[in-house]
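These are notes for a colleague reading the model for the first time. Please keep the sequence and the structure open while going through the points.

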Amino acid sequence: MKFNKVFNNVSTYEAGKPIELVVREYGIDPKDVVKLASNENPYGCSPKVISKVESIVKNMYLYPDDSMFELKDALGKKYDMDSKNIIIGSGSDQILEFCVHAKCKKGSNVLMAKTTFAMYEIYAKQVGANIIKCKKDLPDLKELLKLYKKHGADLIFLCVPNNPLGDCFDKDEIYKFLEKIDKNTLVVVDGAYNEFAGFKDEKKKICPKDLITKFPNSVYLGTFSKAYSLGGMRVGYGFGQIDIISTFYKIRAPFNITTLSLAAAIEALKDEEFVNECISKNFIEMKRYEEYAQNKGFEYIPSYTNFIAIKLGKYSSKVVSQKLLERGMIIRDLTGYGLNAIRITIGTNEQNTKLFKLLDEVLAELN
């Protein structure tokens, strides 16, 4: 069977290993497996969301409201935006795909950081675009601007905060960068973790309305998968000028999220107190990781997300990750990004205590 040749150069995205796989492969009791690999909210979602979904399970046979009016209206009120400036996706990943298909074709230039969300490159390569990356491991807007001036671009991806490293630009830095970008270049500001960044440091917080008003060639993406703890429901959203959003709708398939997902997202927006409580716990627990890394002499990247990247020095991140996996602790090895580092989702107090204990065991075994 012959396929489109562009796929010869496209990698498959590797998601975090599921608990079920660890149970099958290593014979570990499911209750003893801890997953800290996919940046999920360890506290689960709001009880109000669970109650709402349970109450409408009987409606699974019905298609959702494809206008998604209630969800867009709720997002519009939260961010002071018109619903015409909003699109809903099956995770914000799907809207990333809309961005690529709306702006790129074979030979288009797409700019991004060296170490950033893998799907940017995967989606761009699917249409035959050229990938232009910074050389530094940590994103650098000055370097990105130099590349832009040299090569130009149809599309630029900015992950704010950045996944998988957790670093984050100040809002003002991003705005100064955007001022130098041509109005026909689409700039995607991926704010999947921006609730965390804004909570930790007000200078990192991005207002979607302010962004797309000042820079009409930008779009802002958010998700319910992280702070709102609806990863399994797959709901993302995008804000942009009407001409951009209306173009995305030409790409979007009908009924692209489910009846239950739609209801869950609407209800989640009503319980901001729960979300803020989860974020607060996240940064309290993150301090334990920073102290652990310092005590071990490991370098870590200050994080504005719900995960932390730790460089392991003389220890192989691939080996350490595997040995933790065999003990029922799932984390993310960053070897595939060219880094000898691990990325750990910040879990609950109990989960984190277990991680430190098992990591101590592994490091002692490797000494």
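1. Helices (H or I, at least four residues) and strands (E, at least two) are DSSP runs, numbered from the N terminus. Residues are numbered from 1 along each chain as its sequence is written, and side-chain values use heavy atoms, with hydrogens and water left out. This is a predicted model: local features need pLDDT of at least 70, side-chain atom pairs count only at pLDDT 80 or more, and totals for chains, interfaces and linings use all residues.

2. Helix α6 covers residues 141-151, and its buried residues are Leu141, Glu143, Leu144, Leu145, Leu147 and Tyr148. Buried means under 20% relative accessible area, exposed over 50%, and partly exposed in between (1.4 Å probe, protein chains only). The cover over these residues includes β3 (109-112), β4 (130-133), β5 (155-159) and α7 (171-178).

3. Which residues have the most contacts inside the largest nonpolar core? They are Leu71, Ile156, Phe224, Ile310 and Leu355, in a core of 87 residues. A nonpolar core is a set of buried Ala, Val, Leu, Ile, Met, Phe, Trp, Tyr and Cys residues joined through side-chain atoms within 4.5 Å. Apart from this core lies another, of 27 residues, among them Met112, Tyr120, Ile122 and Leu155.

4. Leaving aside neighbours within four places in sequence, Ile156 is in contact with residues including Leu144, Tyr148, Phe177 and Val188. Contact means heavy atoms within 4.5 Å.

5. Cys168 lies in the loop between β5 and α7. Cys168 counts as buried because its relative accessibility is 10%. Not counting residues up to four places away in sequence, Cys168 touches Val160, Pro161, Ala197, Lys204 and Tyr304.

6. The axes of helix α12 (residues 272-296) and helix α14 (residues 349-366) come within 10 Å and cross at roughly 15 degrees. So α12 is roughly parallel to α14; angles under 35 degrees count as roughly parallel. Among the residues making the contact are Tyr289 and Tyr292 of α12 and Leu355 and Phe356 of α14.

7. Helix α13 (residues 317-326) has Ser317, Val320, Ser321, Lys323, Leu324 and Leu325 as its buried residues. What covers them includes α1 (19-26), β13 (341-345) and α14. Gly328 follows α13 and has a positive phi, near 90 degrees.

Note on methods: Axes are lines fitted to C-alpha atoms, for helices over the stretch in contact, and angles run from 0 to 180 degrees between N-to-C directions. Angles under 35 degrees count as roughly parallel, over 145 as roughly antiparallel, 65 to 115 as roughly perpendicular and the rest as oblique.
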